[in-house]
Every structure is written in structure tokens, then in C-alpha cells.
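Dear colleague,

Please find below the structure that I am handing over to you. My notes on its interfaces follow directly after it.

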Amino acid sequence: MSALARQGDRLAPLAAYVLVAVGGLIMLAPFYFMFVFASHSRTEIFSLPPPLFFGDDFLLNVKLLTARIPFWRSLGWSLYVALASTALTLLFCSMGGYAFAMFEFRFKQVLFLLVMGTMLIPSFLGMIPTFMIMDAIGWIDQPRALYIPGAASAFGIFLMRQFISSSIPKDLVEAARMDGCSELGIYWRIVLPLLKPALGTLGLITFIASWNNFIGPLIVMRSPDMYTLPLALRSMQSPVNTEWGAVMAGSAIATLPLLVLFAISSRRLIDGLTAGAVK
Amino acid sequence: MRSATQKFKTAARSWAGLLLAGGCITFAQAQQSITVAAYPAVDEIAKAAVAQWKKKYPTVEVKVVSRAFADHHTAMTTALSTSSNLPDVMVVEFGYVARFAEGGGLEDLGIAPYGIKAQQARFVPFAFRQATAASGAVVAVPADIGPGTLLYRTDILKKAGVSEAELAQSWDAYVAAGVKIKAATGAYLVAHARDVKDIVIRSDIKPGEGLYIDAKGRVLVDSPRFVRAFELAKKVRDGKLDGKINAWSNEWSEGFKRGTIATQMSGAWLAGHLNNWLAPDTKGLWRASQLPEKAWGSWGGSFYAIPKGAKNKALAWDFIQMMTLDPQMQLSAFKSQDAFPALVDVHNDAFFDQPIEFLGGQKARLLWREASRKINAVDVHKLDPIAEEIINTEMDKVLDQGKDVRTALADAKALLERRVKR
Amino acid sequence: MSSRPVFRLSPTSVPYVLLSPFVLLFLVFGVFPLCFSFYLAFQTWEPTAGLASMKFVGLDNFAFAITDEWFWKSLKNTAWLALASGVPQHLIAIPLAYFIHTSFKRTRNAVIGAYFLPYITSTVAIAMMFSTLFSTDYGLINLSLRSLSNLPVLGGLFPVDPIDWLNRAENVKPAVALVVFWRYVGFNTVLYLAALQTIPKDIYEAATMDGAGRWQQFWFITLPSLKPMIYFGVTLSVVGGLQLFEEPFILTGGRGGTDQAGMTTAMYMYRTAFEFNDFGAASALSWLLFVFVALLTWLTNRAFKPRGPSA
């Protein structure tokens, strides 16, 4: 190899490092500024030069925020819906995944195709009829309209099935059956505890998806005091007089739980989300 | 045989049931409430009125549900269409009254048991007409109006050697003044050329014509007033007299703070906004005048309505009467939120004679009072919001891409006609 | 022995019991809405007159949608946005994943984390954040562009005047595309990283011994092995891109912006239903979009699906 090529070979990793690092910083910049802006007043945010470091208006912004919208209430709703959604999803998806992984039954193929099929249905198709159905059954402005419909998600069932078939031996279930344990008992007392890692992953993914869900609440939640966080934040966006400092403060507070969760469990989260992709 | 425990349980259950039922009844009676759905700043006005309300109805709560302007109207539209989640009192803005009126979901407040028609003379004429549907039903009661005014920076005008008379004499004079202002001070005449278009299309509206569509469903967007509006706007843009700044954007408020916008046409309430948060430091530098070429227009305005599906119509009606017919309520709303009263009785109050500090001591309210009497009602059509969007799109194409005015209006007409036919 | 439970499921019936929540939810909230939406597409309905006033109008709604200028405009917008945000995502994610895979050992998790973070945060918070960044006179993006244009050599590439991102028709789309790109590039990088980890090291070692340089190895070994993942990732991007709703919705304040330049078909559908209250037309729109999505998914399939065992 020529000397130039060899030099190129040595410089390439260095250039790579720099580019990737700069890219990473650009990725994180909006978050940084979100927190910085959350501590400045609106006029400070929109001034030349814009603030690069934290200011002292955070508490003021929070006060403005809570005066404009029932922020803490919305936070509460987001939390409630996310927790309910996670609990229900873990239950239903583990049930479904267990069924597919451990049993042979007549309609298995059909049902599995059905599960896969739901992943192909684009979400916008259901937007309007979901609204009309929710209205007909009186679920408008009810949190259950947010956590019940998607509880048995195809992704979750798939994830659970994957995990169960690769880490829970069939003989274990057989043995329990022979010992006289009821079917549901096997599920509840033997399989479920062994699923803890996968449950943790799915739980994280579901919690985050529910926390960030915007379109669902947009369609179904119509009164401001039932809004979840994304809706509440958006309601502050008005053509007249958006209180930007407060909006940033609200966004920052809304994002914080996710950042914390991510910091603790990024590895698991990433692995979980990409599990289905690498076959 | 039933044991003592079982007997006790049954008895306890019955008593609990009775108590609960009784409690519920008394609770329900004590905690009656009406829901008022509004948007900023009418929500503040409604909330401020609760004290007065409590004097008459100490046991009836008033729940004011406030949403951002657009969200409020979307929510009300949806509520009316599904007949659920309806408030008792619905605040409707000027631009949406027609849509709701045509939909047929609002009570006719003109006839018994409301009978507001008998009080028609007490309201500013155009506002009352605005809330009257084609069938003659009065679907809402006007609360406040936004008489159009021209706010201008007197210091900038002085520097450019332009007088107020010059500015407001005619549209052509207005544009000519803009050229002078730009040359002498560098300030823009208007924030956006579109603003000029917005006023000119509202002038010279013949009876039976709506703003965009007439009573027979004919689309009017290629009529002379539209052509003139588009051409004037184009002239403003070609002369680089507008800042291409959208209303309510950060650049807009900065433009006011820094004096790069010389004039702004809007509802009279803008003076209040300027004073409160847009550009308080420019106090004393602004003056108000009537719109150029004696154009009379209204910007916004709120109405109170009762949906047909409301649960507490009698109480709702009492609330509305309080907000719209009580001079004291109207006056306090005017004083606190710049809500120009639709009730004519109030117009003789001394408050109107008071000089406005922000406007350098000018007694502008007299000006606006005069304007309010001259504004014509404009028939409204449920497709007005879409029409406005279509026209604005074409306006942008004319201004930004040099599209020909006649072609643009023809395209707009075609687009709108498609929708009218549905 | 303790009292026998009254009810016991047999191993043959238990799978059905376990799957019953899924089936029930699927039927009520999956199938029924779809059927209803299909039915609704053929009706016209005056919302304020109540549900009973639905009238059958045949293909009227579809005819209206197909001849509607705004519908085609929204389709063009949607396609443009899907491409403009999707293509860079993959073009950058692949080399990025490769760099991280080969060059980053200790800081790997931190780097991946940094790129992945945008994917898990709320679209609303992000879009509002970007609204401030896109501000014409005070936004950081314009300010950065201005300072970059002052650079000695590359400066000529960057515009000097501030760009009005959110109010000019021609700028809204790139603005939205930028936000979507920012959000998903990390996700795709992670996907490719996972795939890269499945390529056995011996192939590379053998190639190095045969005298192949880094670039050749990348082109002839890495890329072909990534084909299945590229297929998967591109399909996700196509389907996701065509459904874009949240980012343009927040960035344009729900209206689509000047000349409806930022109005995607999903957003137009939402507006038709909830702003213009034409539920029948909105349903027709959603089915037309579905046809479009199905078509493009099929095309992607033809273009990217690996045929037979990879090279």
C-alpha cells in the first residue's frame, strides 16, 4: 500500500471520531437548549444573542405554566395512563406470547397472521372511526380510551413469544402440568416470573410510547382538564402570545422522566426495540 | 334461618343506601353548576363575572372551561356534531357564528322563552345582525366587538413629513405615504401586505353579499373589491413597504418594540395588547385614526350562545343576560380586557371620554364608538374559514411568486366553488 | 388434598383463553373501526344534525377527493417529506453505524445513547423546541448558518440572510424533514449496528489477508450483508414517512402552513374531519392514502427485498 493510503488509513478513524462526536453533540443540542430555555423568560429566549447557559427564570416559568394550563393534573393523567397501559399490556402480551410459544392449536397459524396483520394497518385509518366509536360508547374524555385499545399490541406479543420460546423450556411446563398445576396457574406462577427481563423491556417501551402518545389523546380527550402532557403542551401553542419560557419549562419537565429512564436502561431499551428486526 | 350478623348486614346496607340517596339529592341540589366554554381573554371576563353571579345564585357554580382559540372552536364544532360534551353557555367568536348558526345546533334566542329580539335596539346594529341566521333565528347574543382602527406611530410619520389626513385619505394615498415613510425612516408601512388586502375586501360589500360567498351560494372572490385588494397588496409588496411579518409572531412584536412597523390596522383592542405586552415602552408614540378611505370593519368580537343540547338552559340564559345586558358587566369587561361593548347603553359612559395614555392622551374611544355605528353587518357562510385560507394561499402566491392577480382569483374561485357545491 | 378448583382449563382450550384479550380488542378496536371507516367513506353526513342523518352517496366522496387540488398537494408534500427525511436517514445511518461498530469501544454506549435519544422523546416537546430554533431572526439554526457562512473556505455554501423557515412555503418542508431526520437517524443507526454485529469477523480477516482495503471491505462485504436490514429499515421509513402527522402538525400549528406546504395527507384527513367536519370525505381520504401506502410498500418490496441467500 502507498504511503498516502497508509496515512489515509490512520486518519480515517480520527476523522470518524470527530464526525461522529460532532454529530452526537448536534443530536443532543436541542435537549440542552430546551433545558436552558426553560430557565429563561420569553424575551430572553428571543434575543440576540440567545442564551447559552442557564438562567434564573425556571420557577417563574413554572408558575406561568401552571397558571395557563392544569399542568400537574396533566402530568398526573400522563402517569396514570402510562402505568395502566404498561400493566395491561404486560398482562395481555405475555398471555398472547405464551400461547404462541408453548402451544399448538388449531387456529394458531390464522391467529398469528392476524397478529402480524395488525402491524400492517396504518394508524391513520382508524383515527376517525375510533373517535366515533369512542363517542358512541361514552369513552370520550375517559383515560380508558387511551390504555385499553392498544393493550394487546402485536409488537408486544411478538417480543414475548420470541423470549419465551428461546428461554423457557417446554419440559418445565410439562412437568408443572404433571404435578397437577392448573393451566392458568402455570402461566401465573411459573412462566410469568421467568419472563421478568422481557417484561422489563416491554414495560419500558410501552411506558415511553404511552407517555409520548399524542394522536390518541388528540382524538379522544376533549376537555382541557383531561389532557395528557403532550396535549397540554400543545394547547399552549397559540398564534397569539405563546408563553415560550413556560412552554420550554413544561417540555423539559415532560421529557425529564424519559431521560432518567433512558439513562438507567438504554441498553435494554435498544435491544428490545431492535429485537424483532434482526431475525 | 338468618343469623344476627346477616340481619345486621342487611339493615346496614339499607340504611347506607338511604343515606347515600338522600345525600346525593341534597348534594345535587346544593352543587348545581353551569358550564361556560370560552377562550382567552373572554374566559377572564367570564371568571370575573362569577362574583356578581354568586350574589344572585349563591348555590350555583360557574365552571369556566377555557381552551386556546382554535381548539375551543374545534371542540365546540365536534361537541355540536356529536351532541355530547356540550357546555351550557358557549362563547363563539365572530368568525364562527355563521358556521354554528347554519348547523342548527344553537337555540334561537330571539323567540320565547328568551326573547332577545325585543332588545335588539340596545345592541350595536351590525353585531346583532351578525348573529342572525338566514332563517331569522338569533343564535347568539353579542358581547363585545372589535371596531377596526388604524394605529400609527406619530413620531415616524412626523419624521417622514406625513400627516394623519394624508395617511387615511385614500388607499392610494396610504400607499404613497408608505413610500415616503420608507424613504425617510426605513420603517415598513405594514407588517404584511396581506393586512391591506384583509381590509379592502371588507369594504363596499353590498347587501346580500357575504364576504366570500353570497346568499345564493355564488362565489364572489373575483369581484372588483377583491381585485382592488390584491392589486393594492401587490403594490405594497412591490414597493417593499411591508415587512413580510405575520401577525402575532415574535418578529411582529419585535417590529413594534423597535419601531420598524409604522402602522397597523386591527381591532381597537390591539392598543391594549400593545400597552400590556407587545410594546409597552412605545407608550405615547402611537395614535389611532379611522381606517383609510373610511373603510369600516370589525375584527373579531365575541358572542354568547346556548346549545340546543345544553342541560341548564334557564340558568345559562340568566348568565348570558348578565354578561350582555348589564351595563356594569360590559363596562368592567371593557376596562379590564379591552372588550369593546356591544351594548349601546354603555357607549354614553364617561369612560369613553377619558384620554388613553398609551395613545398620547388621545380620546380614541370616541373614534371607535363612531366607527362601531358605521360598521355594516356582513352575511357569513359556513365555508368562510376555508375561503379565507384559500384566498390567503393565492395572496401569498401573488406576493411571493409573482402570480397574476386575475389568474389567482380565478383559481381561488374554482377551488371554492367545488366546496360550495358539496 | 385441598378442595378441587371448580373450573379448570384444559391444555387445548387454554391458548384460546390466553389469546382472547387480543382477539376481543382486535375485533372491537381494530376490525370494527376499519369496517366502519370503509362504510363511512361512502356516506355523507351533516355533523350538527346528528348520526341519523347519514346518507349514502356512493363514490361521491372519492370523486371529490381525487379531483381535489389540496389532496394531491398533500400527497406531493407527503411523498417529498418521506423521501427527504428518509433517504438521508439511511445514507447517514449506515456509515455511522459502521464507524461506531469499528472505531468506538469504550464510549460506544454513550454515543449510541446520544443518537438514540431523540427517538424516545415526545414529538410535541421536540417540535415546539424546534419551533424556537427555527425562528427567523433569533433562532439558533439561522444564527449557526450565519456564523458558518463566515468560515473561510466552506463559507460560500451557507446562506448569509436568515431563512424564514416556518412561514415560507418553500422552507416549511425542509424544516419538517430536518426534524424527522433528527428524530429517526439514531433509530436506524441502532438497527444497522445490530445487523453489523451479526457479520462474522473471520470474513473481514480473510479479506484483509487477501489485501482488500477498508473501503473495499465495506463495499463488498458489509453492504451486501446489510441488505436484509436495509430492506426492513427502508420499509419502516417508507410506511412511517407516508403517515407523517405529528411533526408537521406541531411545526405548522395544525394548519399546514403557507400554501399548505407542510400539510401531509394524514393531516389533511384530520382537518377534513375535525375542522371542516366532513367525516365522509375524510374517511375516503384515509382509504386513498392507504392505497398509496400499500402501493409504495409493494414497490419498496420489489426494490429492496433480498432474493435468495445473501452473497
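The domain bounds used in this message come from an automatic or database domain assignment. On that basis, chain B is divided into domain 1 (28-145 + 300-353) and domain 2 (148-298 + 365-420). The C-alpha centres of domain 1 and domain 2 of chain B are 28 Å apart.

Some conventions apply throughout. This is a predicted model, in which local features need pLDDT of at least 70 and side-chain atom pairs count only at pLDDT 80 or more, while totals for chains, interfaces and linings use all residues. Residues are numbered from 1 along each chain as its sequence is written, chains are lettered from A and ligands numbered from 1 in the order in which they are written, and side-chain values use heavy atoms, with hydrogens and water left out.

Domain 1 and domain 2 of chain B

Counting as contact any heavy atoms within 4.5 Å, 18 residues of domain 1 of chain B touch 18 residues of domain 2 of chain B. Buried area is the accessible area (1.4 Å probe) that two parts lose on being put together, summed over both. For these two domains of chain B the buried area is about 1900 Å², with 57% given by carbon and sulfur atoms. Of the area that domain 1 of chain B buries against domain 2 of chain B, 26% is supplied by Phe126(B), Asp338(B) and Phe352(B), more than by any other three residues.

Helices (H or I, at least four residues) and strands (E, at least two) are DSSP runs, numbered from the N terminus. On the side of domain 1 of chain B that touches domain 2 of chain B, the largest share, four residues, comes from H4(B).

Chain C and chain A

This contact takes 85 residues from chain C and 85 residues from chain A. About 7800 Å² is buried between chain C and chain A, 83% of it on carbon and sulfur atoms. Between chain C and chain A there are zero salt bridges, but nine residue pairs are in polar contact (both at pLDDT 80 or more). Helix H1 (residues 14-40) of chain C gives 18 residues, the largest share of the side of chain C that touches chain A.

Chain B and chain A

Here twelve residues of chain B meet 16 residues of chain A. Chain B and chain A bury about 1300 Å² between them, with 51% on carbon and sulfur atoms. Within chain B, the residues that lose the most area to chain A are Trp248(B), Asn250(B) and Trp277(B), together 33% of what that side buries. The interface of chain B and chain A has zero salt bridges and one residue pair in polar contact (both at pLDDT 80 or more). Strand S2 (61-66) and helix H3 (69-82) of chain B are the elements that give two or more residues to the side of chain B that touches chain A; H3(B) has the largest share, three residues.

With kind regards

Key: Salt bridge = Lys/Arg side-chain N within 4 Å of Asp/Glu carboxyl O. Polar contact = N/O pair within 3.5 Å; in protein donor to acceptor, adjacent residues only side chain to side chain.
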